[in-house]
Each structure stands twice: as structure tokens, then as C-alpha cells.
Amino acid sequence: MHFENIFLPRWIVKQVTLLAFVLVLLASVGFCQQPITIGFTVSKTGALNVDSLEQYRGFELWRDQVNAAGGIKASGKSYKVQFASYDDESNSKRVQQLYTRMILEDKADFLFSPYSSGLTATAAVVTEQYGKIMLTTGAAEGKTYTLGNHYLFQMFAPAPEYLKVALDALKAKDPKATVAFVYEDAAFSVAVVTPAKAYAQQQGFNVVFSEAYAPNTTDFSAILDKVIASKATVMLGGGHYADGSTLGRQLYARKAALKMITLLVAPDSEKWVELGDAGVGVCVPSQWEPQVTAKPQFGPTVAQFDKDYRAKFNAEPSYESAGGYAAGLILQHAIEKAGGIDAAKVAEALNATDATTFYGRTQFATAPNEHGLQVGHSMVLAQWHKDKSGKPVKQVVWPLASKSANLAYPIR
Amino acid sequence: MSGILASMIDGLLVGSVYGLAAMGLSLIWGVMNVINLTHGAMIALGMFGMYLLFGLVTTNAYLLLLPVIAAGLVLGIVVYWMAVHWVIGRSELMSLLSTFAVNMMVIGIGTTLFSTSPYNVNFSLPGITIGAYTFTGNHIAAAVSAVVIALALQLFLYRTRPGKAIRAVADNREAAELMGISSTAVLTIAFGIGIALATASGALVSTMFPFTILSGGAYELKSFVVTVLAGLGKPAGALLAGVLLGLLEGALTPFIAVSWIPLIEFGLFVVVLVALPHGIFGRATA
Amino acid sequence: MDLALQLENVESGYGEVQVLWGISLEVSSGKMTTIIGANGAGKTTTLRTTMGSLRAWGGRVLLHGEDVTRLSPHAKANRGLVLVPEGRQLFPDMSVEENLEMGGYSKRARKRQKQNLERVYELFPRLKERGKQKSSTLSGGEQQMLALGRGLMQEPVVLMIDELSLGLAPVLAQQLFITLKTLREQGLTIVLVEQNVHLALAMSDYTYVLAEGRINIRGESDEVAKMDEVRRAYLGR
Amino acid sequence: MILRRPFFWLVLLASALFVFIPLRSNNVLLREDLILVAVAIILASNLNLMIGYTGYVNFGNIIFFGLGGYVGLYLATVRGWNLMLAAVVAGVAVSLFALLFGLAILRLRGAYFALATIGVLEAVQAFVSNFNPWGRATGMYVSFSAYQPLGGAMRALWITYYLIIAVMALSLILSLAIKNSKFGLGLFAIREDEDAAVVLGVNATVYKAIIYSVSAFLPAIAGTLMFYKNGMIDPSIAFELTLSIEAIVMLMLGGQGTVMGAALGGGLYETLRSYLLTSPKLSSFHLVIAGGLLLLVVLFAPGGLIGWLYRLAPRARKVIE
């Protein structure tokens, strides 16, 4: 380019070249700040929306905190997190269309599962074939992981764990209790109750009644009359928020003389306090409670998470929200370990994960016939008590090592 | 007290509310040959009407039935002029679709306003305890209210001029016109009353069970069953059929899993429809 | 002479099929006018169009000089134009009493409902006996009495009757005609569509003969009865 | 001859486009959108045989799709049958079921029939929810390994897509063939005036039962394919009353009684719904918009799109079926 000399003084050319170089450098640094897209559907409407939205809040809190800290840092690059999400209407009909859309059109790098085991199974068919990693939260049913996947990773302790804690706690208090199971006829609760029934009998309890109800049930009079007639002293079961909260109310209104009531999912929601006295005494198997302290290897402490969550949403975190946050945290950790967002490498890092966070321990099964199943996480049993001012509070009552209060037995 | 008796009493209490809901559907069918597919949405609006009113004025929830009914009447008149009037006398498909369209819109707006989360009306009356079984005050009050409203409707239809005009139009619209009865006015009022009954039953349900904006659908289906058992277009029979259906549910549940109940109900529905199209109390008139 | 009801060039029909091709009628107050004609000539259509149950495609309907063409049937009924329709059209699920009560529904009829009911019961004592019975349980003759009684309850300015004698035993039909005659003598304006041409011509003051949707012949009944073509076509001799 | 109808070739052309456009561009997203469109067209055009041709409003039409899904999935996954065989057997089984039920409930007319179909739908859903071999309310899951015989999930989904398009083409051709047959003429006679049709010698009972059964066949096959692709089936998605009614809405939108109307209505409605649902601004109003549109069609254009087209260009009747 010998013309330069003619038109421009040499020093200017030098300066311009330098400037250009700096600009390119800056730009490439800026490029390092590339976004990473995580896709998922939320049940904004439909039967699952209470539970699903709590999980969503967990995702949101994680994203905001990561981005505020400058994104996920791996191999010198940093990735800002952005979400692509749609409403699945609590219905699996469009789940595949939406997950395909997120993968192909929104170019999602990673995926979180929809809420509930049923929708997750449908989404998994799509994510698996594109080799996209999907962290499943709010989906405890285990069958999906036995179908031969490579890229599914379950954040929740699987279904058989749920009522085990409750039965263990019961065994310590009242080994002679007679037990009734009343549960939602849906993937998750069936997966929970089926092994729980066997476990109860194995523990020597007399199971006097067991019946499933349709997922959209609002009138439990008939089934509760049967529970009362069966003379059961303990009732275990439920399903999700909508049916569980109703069951809680109607048990109270009918003055069912039960010594212990354990319901799935519903009593863990911050909305449970709306039940007032009807909610007090009810137990819930929980993936996470703020009272259980764990020493996190990375991420926030339990107290920190609790505080940040309350500050952001002005509500108490549920285990659904903690699970949502933890899914992000574990993914972040794996990306950092893998040094990038290559799916195979991140999957490897997830397979190797055995970490303790505010959420507790997380480890995934790696055997092909159960790949991705959560094997590290353990559950606790929480029960609603009243504090001194008469306000309902949730306390951890089992295992004894983690307890923050004694199990109230009988309830009333 | 035995389980089966308790179960039957529960069935009876809830059944009368089913009956009330079905009366609305039946009245509209009887007067204008329209299967009102907004029924479920209107029941849901009744639930939310009660919820909102109870949030404004905390009083005995059952007193709030009156404003809910009044609002339902107005709403029904609006819906009639929006979607029903223009399809009267056209093929059934048209009225089915136009009412379903309104149903979609109401559910859509309701979902935006209330999402699909469950709501409760936090009002409870003391119940009656017999042995191990407790019948909640709300169930009893709802059943009594349903019967009172049903009787009031019956009195209106059989003892007042406008009520008789409605029956006349239902019986023979053209002849009613010849008597100087404005059938348009009567259809408007009858539709309004039908919707008012739906909202009233929704309001009663809301005092017993939690509800979402989608809850009306299940009660709409129940109303279909009850209406068919009573014989289409016979509002008086609907209450009785509702109570019978409740009793049947109550009598069956101790012996079979509750999940089989819908099969029995809808099986019965189809059989009655095919074998006794005039309902179980109906006689075959030409 | 005082005209109670006038039709001027009325056209009408069903769907796309025109039935009436310009009907003009004049009904004098206090007289009995009959419309006769073959099946499908448009007699019932004329009455239904007059009443407004069928929309008039063209022409005018005047009630005591007032144009009521576009009014709905119930508005006409409220002005005293009363039709006792073909096939009675009772309210089958209502009692006899209630059927009569519905006849007295309009504002103008309501005022004298009690007297009218007594008068109807006087004319048709059978109806009083059956007062609580559902109208669908009545015999054919009783149903026709009820239909007529219900029409009288309406305080008619003009009483139009479609096929009074259809399906009735001759004795019964005759009885009803005599009742009509009495009513006319009391000053009631009556328009009668009738298949029994003998009776119609014998009882009425004025007759219109309808054929293929047009007025063929009109005149005083006794004169019409003498016309050859009428005798041939309708009286069978 | 059906081969001489221009519409027949139009159907083939459209189906070919459905196959080749996503394939050429390897556009899976488009494929996912089109497969839902195709299912909508299958449901609408088979429903058209009942509503549009025969004048019987079937509110329970989704039952065929759902039952087909159950039977087919059961055979393909639990019994390990070949997918296509399972789908065809499901089609036959559901058609037989429809024939049986049809003979019972087709004695009813008008609104009574419409109500009965709702009853049958709910009863079947309740039955399946309690039926152990089919997984009760939890339903059945397809394991990932079930896609292996077709060469893995990725290929399996493409294959199901082609099959669905084939079923769509068959549905339209079936509608066309029936429309131009003596059998179709009998159905139209029933629609116009059943009593008169009987007097004219149409055996209405048999005709109605046959068309009810025929209208079940292809939706049942589509059900097998769709739920296989979906990876799971449960009673609440298999027997959704709303979906049934949506199929009627599609038909109305396009214009009942015409083959083209059913196809157009199905395609447009599904596209609209899925656009509204994923549009960030309109997603909360998708029901309101769809409902409003339906109301407008019912009140102002009861002939649907095709009816409107006919009014604009009466000659269109010659080409459009």
C-alpha cells in the first residue's frame, strides 16, 4: 500500500493502525462476553402453575445473580445468561413444539425441564435427540431416566425417597400406626406412593386404605369419608399444590381424627399459610428447607439464598424455588469445569459432579440404565408449626440430625 | 353413624348444588333450544364474583348470593345479545359454537386476570358432627341455599305473569307471540335467569371447594348429566335429578374407587339419553 | 263503512318461494269475512303474513287505518289483532286455565281478564270442568274450544281463525260455528279461513276466494255461493 | 373419476410440498409446526365427514385420536409391534369401536346426539383412567429405545412426520372420494332431511354408522403416530374435550361440508393458535382472540372462509371441493 505515504503522514497511519488493533482487541474481549441461552417452558396457566412458577422464580434469581457477577466464567470467557421460555399451559400437547423451537430458533444452549414428570418425559424425547443437556427440576419420577438417555440430569431426589422420610419419622414415634394412602393419580405421586406402600408394609405398618383420585379433584368428601371409615390414624399422599391444599382444608373442616398428615409438594409452597389453622400440623417431604445447613463448596450459603430470595420476591422460598436455583448453579459449575459450553464436555462434567451447595449434595447416576438419576441428594420431612406469636412456620422434624423442632404427634 | 350414610348425606348436599347448576342449563335449553356452552365459564364467574365480593365486604357469604345473582342476570342479558339472539332458530351447531366462542373469551380474560391458580373463599360456618363424621356448615348452607333458589324459581315460573310467559314461550314460541308476548324479551330474560342460576351455583361451590377459572368445566359436564337425567328442558326435574345423582355417588363410593364414579355417571348419561330421551321422570310426549 | 282490517297488495312467501302475489282484502267491522280456496292457495299464508309471523315482502297491512305491516306478531296482538292459528297451537305443558290466562296476557286484555274468563266459560262450560288439566290431554274438540277461548281472552278487535273445523266431527264443527255467529252478533269482527266451504258461505257475510296466491272472486257470501265456478270448484255440484 | 378432479392433484401437490420443504432445508422447526398443522387438518377433515356431510355434530371426535394413540402405543411399545402395523391395527380397532357405539347413539338426532358424544368421550376417558394395562391416569411412556427400530429418535421423528403427512393426504382424498360417490350423495340427503332421505330409500341407520366408523379410522392412525412422537400418552391429553371442540371450530372457520374448507380451517386455526401462544405480546390473549374470531365467523360468515369465497367468486365452486 504505497499510496499511504502520499496521502497521509506516516505517524497518522501508525496511530490509526494502533487504534484499529485496540478496537479489534476490545471487540474480541466484548465477544468473550457472549450470551448463553437456556430454554424451558413454564406452566404459566393450567393446573401446575403454582408449583411451576415457584421453580421459575428460582431460575430467575440465579440468572440475575450470575449476570450481576459478570456472567458464567469459563476458560477466560464470560457468558451472560439469558432465558428463552414459553407457556406450556400445563399440557404436554405443545411441549415438543416449544422445545424444538427453543433449540432451533432461540438457539438454546442448555435446557431446564418443564414442571412435572409428565411434561418432562415429553420434552426429553426432543432434547435427547438434539444432544441438548436438560437439567430436570420439579420432576422426581424416575422412569424417564431408565429409558436410555445421555443428557438428562435430575436435580430432585427421586420419587421413592419422598415418603420414606415420613415413614421413618412415623416409625420412631408410633410403630403401631395404621396408614392410609390417598394420592393424585398422576405420574409423580404414583411413582412416590407405589414404593412407599411397599416400604410401609416392610416397616410393619398396617396399610388399611389406599386410593388414587383424579388430578382435577376438588371435592374430597367421598374419599375422606372412606378414610374415616377405615379407621386409619395416619394419612399420607397428595400430589401437587391445587389438590393438596384442598385436601388439607377438607381434612380440617371434617375434623378427621388423624394423628399425622403428610402431603406431597403442596405444604411446601409459601401459599400454604393461606390455609391458616387448617395447614398447621401437616407434614411435607422436602428437597430443601432453610433450616438444614449445608457447607456449600460454591454458590451462596443457605442463609444468603434465603435472604436474597425474600428480598427479590417478598416471599419465602420453597424447595421448588431452591431446586430451580440449584439447577442453574450446578449447570454453571459444570460449564466452568468443562471450560466452555460444548455439550459433550459439560455432560462429562455433570457426570463427574459430586458437590455440596446450599441445596445439599448433588450427584448423578452414570450407569446407562439409570443415567442422570439423582443419587446424592437426600430429603427431609418438614412440618407446619405455630411460633410464639401464633404465626405458622415450617420446621424440619426429620432426620433427627437436621431437625429444627420435634415432630408434633398427634397433630391436634 | 355408618360410612355409607355419611357418604350419602355428603352426596345429597353437593347434589343439590349440581341440581341448581343444571337448572340454568335446562331452563335455557327448554326455552330456546340452545345448549349453552358458556355454562361452565359462567359458573366460574360466579365463583370469582363471590370471591371478589367477599373480599370487599366480609359478611356472611350466603348474603352475597343476591348481588351475584343480580350480576349474573345482567351478564346473561349481555351474553344473549352478544352471541345468542342472532343464532336463535338457526342450526344447533351455530348456537353451540357461538356460546363456545363466548366461553373461550371469558376463560381467556379470566386467565389473564386470575391466572389458573386456585382461589378460596375463606368463610366457614360451624358444622354438625355425628360420630366420627362432620358435615361442614358450608355444605349444609350451600345445599339449603340451592333448594331455596330452586323453589324461588319454581314459584316464579308457576305463579307470576313473566314466569308464565317464559313457560309459554318454551312451550310454543309462535303461539306466545300471538298472545302478545314478546318472545325476544322473554328469551332475553330466560337466558339471563339461566346464567344467574349458573353464577349462583358457582358462588355456592366457591364456599365449599377451591376453584380456578377453569373449574366451571367440570360442573358444566355434571350439569349435562343432571339435565339429561331430568329430561332436557325440565328445570324442575333438574334439582331432583341433581340430588339423586349426588345420592348415587354417595351410595357407590364406599364400595368402589372414586375414580370409577365418572365412568358410571357418564355411562348412565349415555344410556338414559339413548333409552329414555325424556329423562328418568319424563314421559314420552309427542 | 268502517274497515277493521285492510290488506293492500300483500306479497309474501317462504324462503325463495313466493306464495302470495298481491293480496288485497277489506274486512268490515262487525262482520264475518271468510277466505276460501283450494289447498295451497295461500290462505294460511295470508293470515300468517297479516299477523306478521311471516314477513310481508311487499304491500301494506292496515288495522283500523293504522299501518301495522312491519310490526311483530306480539305488537299486533297487543293492538287487538288476534289469530287462532291452524292446528290450535296450544301450550301443551300448561293447564287449560293457564292457557286461557296467557290469552289475557297483553295489557289491553288484562283489564277485563276476569269478565272475559267468565264469558269463555259460559260459551264453553267444558273448559271450566277441565281447568286444571294439561291442555295436551284434551280431546280435539276441546282443544279447538280452548284455542278459540284463548283467542277471545285476548279482547280481539279482529279475530282471525285458521281452519276452525279441521279434524272435528261435523256436529262439533257446527256447534263452533254457531258460537262464532253469536259472537259476531255481539259485534265481533271475524276473519275465517275455512275448508268447509258450505258452512263458510252459509255463515259469513263476505267471502274472498283465493287461488294460486291471488284473489279470484270476492263478494257477499250469498252471492258468491250462487256463482257457477264456485259451485263447481268448491261445492261439488 | 377422482383422478380427473383438479382438487385431487392439488392435495397431492400440497402434501408433496409438506414433505419436501422441511426436508430440503432440513428445517425441523418448520416440521414441528407443520406436523401440528397436519394433525389439525386430519382431525378437521374427518370430522367434516360427520358434521359437514351428514349433519351430525360429533363433540367427542377426539376420542378416535386418543384411543388410536392408546391402542397403537400399547401395541408398539408394550407388545413391541412394528409401528406402522400397530397404527393400522389401532385404526381398525377404533373403527370397529366406533361402529359399535355409532349404532347405539346414532339413533339420537341433533343436540341429543351432540350431548351423547360428550358422554361417550367422558366415559371412555374415565375408563382409560382406571385401566391398568394402559397405565391408568399416569398413562404410558415411550422409551428412547423404542425409536431404535426406526434408526434412532431423530430419524424416527422424520418418519412419523412423513407418515402423518401421508395420513393427511389420505384424509383429504377420502373426503373427496366420498363427496363424489353415491354413498356421499346419501349422506348429503341425510343432512338435508333425514326423514325424506329414508323415504327415498337411503338406509340412514347403516349410512350413519358407516360414516361414523370411517371418520374414526384415519384420526386413530394419526393418534398412534402423534403420541408415539410425543413420547407419552395420558388420558387428560388423549381425551381433551377442548381439542374436540377446537376441531369443530377449525371446520367452521374453513367452511363445513367442503374438503378444502376443512383443510384450510385446520391449517389456519392451528397456525394462528401457535403464533398467538408463542407471541410474547399476545400470548395471554390467545383464547380471547380465537374466541372472538369464532364468534365473528358464526355470526357474520356462517359458511366459513369457503362460503365467503363462493360469494366473492361463484365460479370457485367448480374447482374447490
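This is a predicted model: local features need pLDDT of at least 70, side-chain atom pairs count only at pLDDT 80 or more; totals for chains, interfaces and linings use all residues.
Reader: Where do I start with chain D and chain B, and how many residues are in contact?

Author: Start by counting who touches whom. Here 41 residues of chain D are in contact with 37 residues of chain B. Then look at the area hidden between the two chains: about 3400 Å², with 84% of it on carbon and sulfur atoms. On the chain D side, D:Tyr112, D:Leu115 and D:Asn130 lose the most area to chain B, together 18% of what that side buries.

Reader: Which element of chain D gives the most to the side that touches chain B?

Author: Elements giving two or more residues to that side are α4 (83-105), α5 (110-129), α11 (241-254) and α13 (286-300) of chain D. Of these, α5(D) gives the most, with 13 residues. Sorted by class, the side has 31 nonpolar, 7 polar and 3 charged residues.

Reader: How many salt bridges cross between chain D and chain B?

Author: The rule finds 0 salt bridges there, but it does find 3 residue pairs in polar contact.

Reader: What can I read in the same way inside chain A?

Author: The assignment gives domain 1 (33-157 + 292-370) and domain 2 (160-286 + 380-402) of chain A, and their C-alpha centres lie 28 Å apart. Between these domains about 1500 Å² is buried, 63% of it from carbon and sulfur atoms. In domain 1 of chain A, the residues that lose the most area to domain 2 are A:Val50, A:Val292 and A:Tyr319.

Reader: And how many salt bridges are there between domain 1 and domain 2 of chain A?

Author: The count is 0 salt bridges, alongside 3 residue pairs in polar contact.

Methods. Residues are numbered from 1 along each chain as its sequence is written. Chains are lettered from A and ligands numbered from 1 in the order in which they are written. Side-chain values use heavy atoms; hydrogens and water are left out. Contact means heavy atoms within 4.5 Å. Buried area is the accessible area (1.4 Å probe) that two parts lose on being put together, summed over both. A salt bridge is a side-chain nitrogen of Lys or Arg within 4 Å of a carboxyl oxygen of Asp or Glu. A polar contact is a pair of N or O atoms within 3.5 Å; within protein, one must be able to donate a hydrogen and the other to accept it, and residues adjacent in sequence count only if both atoms are side-chain atoms. Helices (H or I, at least four residues) and strands (E, at least two) are DSSP runs, numbered from the N terminus. Ala, Val, Leu, Ile, Met, Phe, Trp, Tyr, Cys and Pro count as nonpolar, Asp, Glu, Lys and Arg as charged, and the others, Gly among them, as polar. Domain bounds come from an automatic or database domain assignment.
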